[in-house]
Amino acid sequence: MYCKNCGATIKEEAKYCPKCGTKTIYEESVKTDNIALETGNINESKSNKHHKKGIVILVISIIAVAVIALASFLIINSLISNNYINSNSTEKPAVIKNSYGEYYIGGANTFLLNSDNSVSKVDVKSSSEEDNSNYHIMDVYRSVYDGESFFAQDVSVRNELYKYTFSDNDTLEKEVWIDEQTLNNSVVVTEKRGSFNSYSGNMRYWQLDGEYIYFIYLPSAEYFIEEQNIAYRLGKISKDGSSIEFIGNETASTYAVKDGWIYYYDNGYTYDNDYNRYSCDLSRAGIYKMKSDGSQKQLLLNNFETDENDIRIGGDLVYCDKINIVDDYIYFIDHSKNGKSRVSRMKTDGSEQEFVSDKGAYSYTVDSENDKLYYATGKFGMRQIEAKTIYEVSIGKKTEVELFKYGSQPEFSYYDNHLYFTNQDHYRAGTESDPGVCGMRYDLNSKTMESLYGYIAHTNIYDENGFFEKRVTTSDYYWGEAKYY
């Protein structure tokens, strides 16, 4: 028997549903039978009892079929629409899923994760004859994926941006997305750069929302003085490649964008055009949110307890770092005197702030489905060369345990009971005798670290007369026991 209110399974003679407390069909039928006994209509009562029971079973059956049909539709539709798969994690996924399969964005390259736990590298083919290589180098901070294509900077090219679209399960088609002329005519190029005016690499920390890709403009150290007038400006690039623009006069050192809102930390960076110099206005520093067009600006948090020795201008100007939006929370690393580099979170309206990690964090990722936070230790945002410790935090229980040690500067993302690492130094394949590390992941079930090894082999083919005929290149990639943590 099933509960008419919640559908839970109930024993035949139960009077109340053990799950929701609703009176059962049996209890109602007993009442009806008693009334019938008093009035002499017992046969009619029993008939009503069986009739009602039949109707309930029929309704439940219809609902069950509808639920199964809806679930099947959603699963199929998610594959067709090429959506992200790890939307419960932070905004920089290490694993994506589309109609061709699951892919690991390992450091700088893309790998297909096959069902048998093997891995194959995705080749890149360009429409340009001058650029028809089978490799590409994408920076995790200067690339996004919209479910169909990657929009990215190739770090080996300074004057163009590219679009990579899947043509099948192991090939990306590369095309120019932003050409040099569009770049030169945009707001991110200043006359002070001279002959090096065309450089795409200073648009950093890319994030996607709707038809725009957002960024923070952060000049390289050698050109900071020449470009201090546009440093830390928030900007956006249209997906169609037609425009690059700044969002009002807003400045930020970290941000996240979701559902038409930008959540960002204004670090107080102030440029004085009359004197051609910059300063830091700490009274303005804080976490804000605004619509993606720059309207409806709201201050959410500015109680960062500062220390004058912590102020850094032109470098790591941060009291707040690595903002992410997960569900209804803003996560960030609080580098203020009170925060001590711990991971903090608050509601998207600025309420209910709390510290999530016990120790200072260099980086972190969130598994909201299981209410877990994973973070790598770091003190006040300083990128020490010593190894970091990775911790697992049960957010609701406010407990944390140490998992393992890792090398310096770990960036990682949670997906399907694994922590996938996206370090830029993990992209080179080696030789068959000495394979290179192309990526790493930590299995949270087995508590083991794995390296993604890869090698490229070249074989010369000769004809029957001993003359060189062709050179064949083969490659192989596989998961194995990690060489180091």
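Helices (H or I, at least four residues) and strands (E, at least two) are DSSP runs, numbered from the N terminus. By that rule, the protein chain has three helices and 31 strands. This is a predicted model, in which local features need pLDDT of at least 70, side-chain atom pairs count only at pLDDT 80 or more, and totals for chains, interfaces and linings use all residues. Residues are numbered from 1 along each chain as its sequence is written, and side-chain values use heavy atoms, with hydrogens and water left out.

Start with the whole chain. Of its 485 residues, 46% are buried. Buried means under 20% relative accessible area, exposed means over 50%, and partly exposed lies in between (1.4 Å probe, protein chains only). Now look at contacts, meaning heavy atoms within 4.5 Å. Among contacts between residues at least 6 apart in sequence, 45% join residues at least 24 apart.

Next come the strands. Strands of a sheet pair through backbone hydrogen bonds, either parallel or antiparallel. Here, two strands pair if DSSP finds at least two bridges between them. Find the open sheet of seven strands, in the order β20-β21-β22-β23-β24-β25-β26. Its pairing is antiparallel. The edge strands are β20 (320-326) and β26 (399-406), and each pairs on one side only. From one strand to the next, the twist averages 40°. For such angles, axes are lines fitted to C-alpha atoms (for helices over the stretch in contact), and angles run from 0 to 180 degrees between N-to-C directions. Inside this sheet, β23 (residues 354-367) and β24 (residues 372-377) pair in the antiparallel sense over six bridges.

Move to strand β12 (residues 233-238). Is it enclosed or open? Six of its six residues are buried, so β12 is largely enclosed by the rest of the structure. In a regular strand the side chains alternate between the two faces of the sheet. In β12, both faces are covered. Arg233, Gly235 and Ile237 are buried on one side, and Leu234, Lys236 and Ser238 are buried on the other. Strand β11 (residues 212-217) runs antiparallel to β12, joined by six bridges. There, isoleucine 213 has isoleucine 237 as its bridge partner. β12 also pairs with β13 (residues 244-251) in the antiparallel sense, over four bridges. Glycine 235 stands opposite phenylalanine 246 in β13. The hairpin of β12 and β13 has five residues between the strands. In that hairpin, glycine 241 takes a positive phi near 80°.

Now find valine 188, in the loop between α3 (180-184) and β10 (203-209). Valine 188 is buried, with a relative accessible area of 1%. Which residues does it touch, leaving aside neighbours within four places in sequence? They are Leu183, Met203, Phe215, Tyr217, Glu227, Ile230, Ile244 and Phe246. Isoleucine 244 is 56 residues away along the chain, yet its C-alpha atom is 7.7 Å from that of valine 188.

Serine 149 is another buried residue, at 4% relative accessible area. Its place is in strand β7 (residues 149-154). The side chain of serine 149 makes a polar contact with the side chain of threonine 165, at 2.7 Å. A polar contact is a pair of N or O atoms within 3.5 Å; within protein, one must be able to donate a hydrogen and the other to accept it, and residues adjacent in sequence count only if both atoms are side-chain atoms.

Turn to the rings. A pair of aromatic rings is described by the distance of the centres and the angle of the planes. Rings of Phe, Tyr and Trp (its six-membered ring) pair if their centres lie within 6.5 Å; planes under 30 degrees apart count as stacked, over 60 as edge-to-face and the rest as tilted. The whole structure has 31 aromatic pairs. One of them joins tyrosine 264 and tyrosine 288, stacked at 5.7 Å centre to centre with 20° between the planes. This pair links distant parts of the chain, with tyrosine 264 in β15 (residues 261-266) and tyrosine 288 in β18 (residues 286-291), 24 residues apart. Tyrosine 264 is buried at 0% relative accessible area, and tyrosine 288 is buried at 10%. Phenylalanine 412 and phenylalanine 421 form a tilted pair, 5.4 Å centre to centre and 35° between the planes.
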